[in-house]
Amino acid sequence: MASFSKTAGRWFHQLGSPKWFYQKSVKWLPWLWISCLALFAFGLYYSLWASPVDYQQGNSVRIMYIHVPTAVLSMVAYLAMAVCAVIGMVWKMKMSFMAMRALAPIGAAFTLICLFTGSLWGIPTWGTWWEWDARMTSELVLLFLYLGFIALHSSFSDRTKADNAAAILAIVGAINIPIIYGSVKWWNTLHQAYSVTKKGAIDPQMQTPLFIMIAAFYVLFIILVIIRLRLEIMNREAKAKWLQQEVGLGQESNAGANG
């Protein structure tokens, strides 16, 4: 137990170092891209061609393979943002504030895709592209929280004040996540209850490709966060000697390859 705590503490300390993350993450990206492309290749094949057509929804059920993963990640991204905000506020870790800012536009993009695909799915399934029920409305509120976070952080010229103000919004806004998740149980809604992992709720021929697509989107999410975080580090640590050396070495390597 003591060795585990020591290892976890070391990882926590390393992840709090912009230099360590910047240097290590470039080695992770190729493997993540390979995994992502492989998962999407299998997932899209099984979800768009090999999986059966729903007896009620027809081919429109295939929207599920995009809608469900983006819906899940829209909430996961905001929760991750809120956790980073707490860590940043309590331990004053600048990497947490960087990660928080890097997550916001990615989460907003997944939320927008979730709302768009949900509307496309709603037309043939419910006969309407939008209904102001609890699930749809709370998901729309989530999009506004992301946009509000981005706008609030950008409105401050002082980075420390921007980080702290945006962190408070991220923490307070996290109350919307359990509302989104529990809305189908607490109120009357067009949405069906969460059934992705419920045994017998989804045909295994549909459930398997859905799990593959969820995994693919998770890996894509990690890739996007790493890329955004590396850009955030470059922006905030532009004057740091270690980063100037890293960028200089990269430019020299490119020049040597071109020569």
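How many salt bridges does the structure hold? The structure holds four, a salt bridge being a side-chain nitrogen of Lys or Arg within 4 Å of a carboxyl oxygen of Asp or Glu. The model is predicted: local features need pLDDT of at least 70, side-chain atom pairs count only at pLDDT 80 or more, and totals for chains, interfaces and linings use all residues. Residues are numbered from 1 along each chain as its sequence is written, and side-chain values use heavy atoms, with hydrogens and water left out.

The chain contains nine helices and zero strands, where helices (H or I, at least four residues) and strands (E, at least two) are DSSP runs numbered from the N terminus. The order of elements from the N terminus is accordingly α-α-α-α-α-α-α-α-α. Of the 259 residues in the chain, 44% are buried; buried means under 20% relative accessible area, exposed over 50%, and partly exposed in between (1.4 Å probe, protein chains only). Contact is defined as heavy atoms within 4.5 Å. Among contacts between residues at least 6 apart in sequence, 75% join residues at least 24 apart.

One of the salt bridges pairs Lys-94 with Glu-237, with 3.2 Å between the closest N and O atoms. Lys-94 belongs to helix H4 (residues 94-126) and Glu-237 to the loop between helix H8 (204-236) and helix H9 (241-258), so this pair ties together parts that are 143 residues apart in sequence. Lys-94 is partly exposed, at a relative accessible area of 40%, whereas Glu-237 is buried, at 13%.

Arg-236 takes part in a salt bridge with Asp-163, in which the closest N and O atoms are 2.9 Å apart. Because Arg-236 lies in helix H8 and Asp-163 in helix H6 (residues 159-173), the pair ties together parts 73 residues apart in sequence. Arg-236 and Glu-232 are both in helix H8, four residues apart, or about one turn of the helix, and Glu-232 is buried, as is Arg-236. A network of salt bridges links Arg-101, Asp-163, Glu-232 and Arg-236.

Helix packing was examined for H3 and H7. Helix H3 (residues 64-91) packs against helix H7 (residues 176-186) at an angle of about 155 degrees, with the axes 10 Å apart. Axes are lines fitted to C-alpha atoms, for helices over the stretch in contact, and angles run from 0 to 180 degrees between N-to-C directions. H3 and H7 are therefore roughly antiparallel (an angle over 145 degrees). In H3, Met-75, Tyr-78 and Leu-79 meet Ile-177, Ile-180 and Tyr-181 of H7. The residues of this contact divide into six nonpolar, no polar and no charged.

Ile-66 also lies in helix H3 and counts as partly exposed, at 28% relative accessibility. With neighbours within four places in sequence left aside, Ile-66 is in contact with Ile-113, Thr-117, Met-213 and Phe-217. The C-alpha atoms of Ile-66 and Leu-210 are separated by 8.6 Å, although the two residues are 144 residues apart along the chain.

Note on methods: Parallel < 35°, antiparallel > 145°, perpendicular 65-115°, else oblique. Nonpolar A, V, L, I, M, F, W, Y, C, P; charged D, E, K, R; others polar.
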